[in-house]
Amino acid sequence: MVTVVAPYAIVLGVIGTIGLAVFALWERVDGWLERFAGGFTVEIERANLKIPARNLGAAMALVSVSLWLAAVVVTRPDVARAILYFPIVFAIAVLGVRTWLRAKSAARLKAFNDELELVLRLISSGLRVGLSLRQALVLVIEESPEPAKSEFGRVVAKTNIGVPMDAALAELVRRVPSDELEMLVDAIDVQSQTGGNLAKILDHLAATIKARRNIHRKVRSLTGEARMSGWVIGLLPLLLGAFVMVTQPTMRTAMLTTGIGHASLIAFVVLEILGMVMVRMMMRLSV
């Protein structure tokens, strides 16, 4: 009975100690969270999440502690391995959050790029009927769906408070890292300095973007089988490992309660992550 209760008593003691330490050193912990989460500020902004960076850092710390405690309860390691588990679990939590943020940013960027041709047509049409660039952007805000509507709305809002148009557009490029958008901003900058027919330039740029979209769709169609193979290669070890752990109690016990098993699990996770990253790099094509 004592042997069964002891690990849980240790876990409860660790939780209480961590809680008291956080309460006593809250100001320092709060400052550390703010500095740590500061690296995610740009990614949070690009994903258009209404989450303060500090709250995201606190959530990552809480998830890391929870996962670490769960790993300690399940595997029951010695003290040295239990201490080693925490930085590994923390790194996995940070990698997971960063991957999630980048996926959200990529989805929003794709939606923005898909709307950019329409945006260029709207700006060109506005300029042809005598509107100024700022008025044409207002037209874009009124006629475009999200996320183009909110992004160009920020540009107009900045110009309303006295920010120059080129600075507001440069801020938009920083927030939305799109090659097509950068070409648009460069075209506006060059036209403002040298003159010329901006509406005609934007029409040519819209045609170029449309052609690039067609090529991109063809490339994705031709590489669909290879991308599916990459997903199968990445998921097969996970499914096979889960099957073995469920159907082989002896092997499951050895993997979860022995030092060699713990080392094997760590090596499996590291190699799986490296393999999936390499497959994604091989499948990444620039059009």
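Student: What does Thr159 count as, buried or exposed?

Tutor: This is a predicted model, in which local features need pLDDT of at least 70, side-chain atom pairs count only at pLDDT 80 or more, and totals for chains, interfaces and linings use all residues. Residues are numbered from 1 along each chain as its sequence is written, and side-chain values use heavy atoms, with hydrogens and water left out. Thr159 sits in helix H7, and the scale calls a residue buried under 20% relative accessible area, exposed over 50% and partly exposed in between (1.4 Å probe, protein chains only). Its relative accessibility is 16%, so Thr159 counts as buried.

Student: Which residues does Thr159 touch, not counting those up to four places away in sequence?

Tutor: Here a contact means heavy atoms within 4.5 Å. Once residues up to four places away in sequence are set aside, the partners of Thr159 are Arg134, Met165 and Ala168.

Student: How many helices and strands does the chain have?

Tutor: Both kinds of element are DSSP runs numbered from the N terminus: helices are H or I with at least four residues, and strands are E with at least two. Read from the N terminus, the elements run α-α-α-α-α-α-α-α-α-α-α-α-α. The count is 13 helices and zero strands.

Student: Which residues is Leu181 in contact with, beyond its neighbours within four places in sequence?

Tutor: Leu181 is one of the residues with the most contacts inside the largest core. Leaving out neighbours within four places in sequence, its partners are Phe112, Leu116, Phe152, Leu172, Val173 and Val176.

Student: What is the length of the polar contact between the side chains of Arg175 and Glu151?

Tutor: Arg175 belongs to helix H8 and, because its relative accessible area is 4%, is buried. Beyond residues up to four places away in sequence, Arg175 touches Glu45, Arg46, Glu151 and Arg154. A polar contact is a pair of N or O atoms within 3.5 Å; within protein, one must be able to donate a hydrogen and the other to accept it, and residues adjacent in sequence count only if both atoms are side-chain atoms. For the side chains of Arg175 and Glu151, the polar contact is 2.7 Å.

Student: How far apart in space are Val156 and Arg134, C-alpha to C-alpha?

Tutor: Val156 lies in helix H7 and is buried because its relative accessible area is 7%. Arg134 is touched by Val156, as are Leu137, Val138 and Ile141, not counting residues up to four places away in sequence. Val156 and Arg134 are 22 residues apart in sequence, and the C-alpha to C-alpha distance is 6.9 Å.

Student: Why does Leu169 count as buried?

Tutor: Leu169 is found in helix H8. Apart from neighbours within four places in sequence, Leu169 is in contact with Val155, Val185 and Ile188. Leu169 counts as buried because its relative accessibility is 3%.

Student: How far apart in space are Asp114 and Ile209, C-alpha to C-alpha?

Tutor: Asp114 is in helix H5 and is partly exposed because its relative accessible area is 46%. In sequence, Asp114 and Ile209 are 95 residues apart, while from C-alpha to C-alpha they are apart by 9.3 Å.

Technical notes: A nonpolar core is a set of buried Ala, Val, Leu, Ile, Met, Phe, Trp, Tyr and Cys residues joined through side-chain atoms within 4.5 Å.
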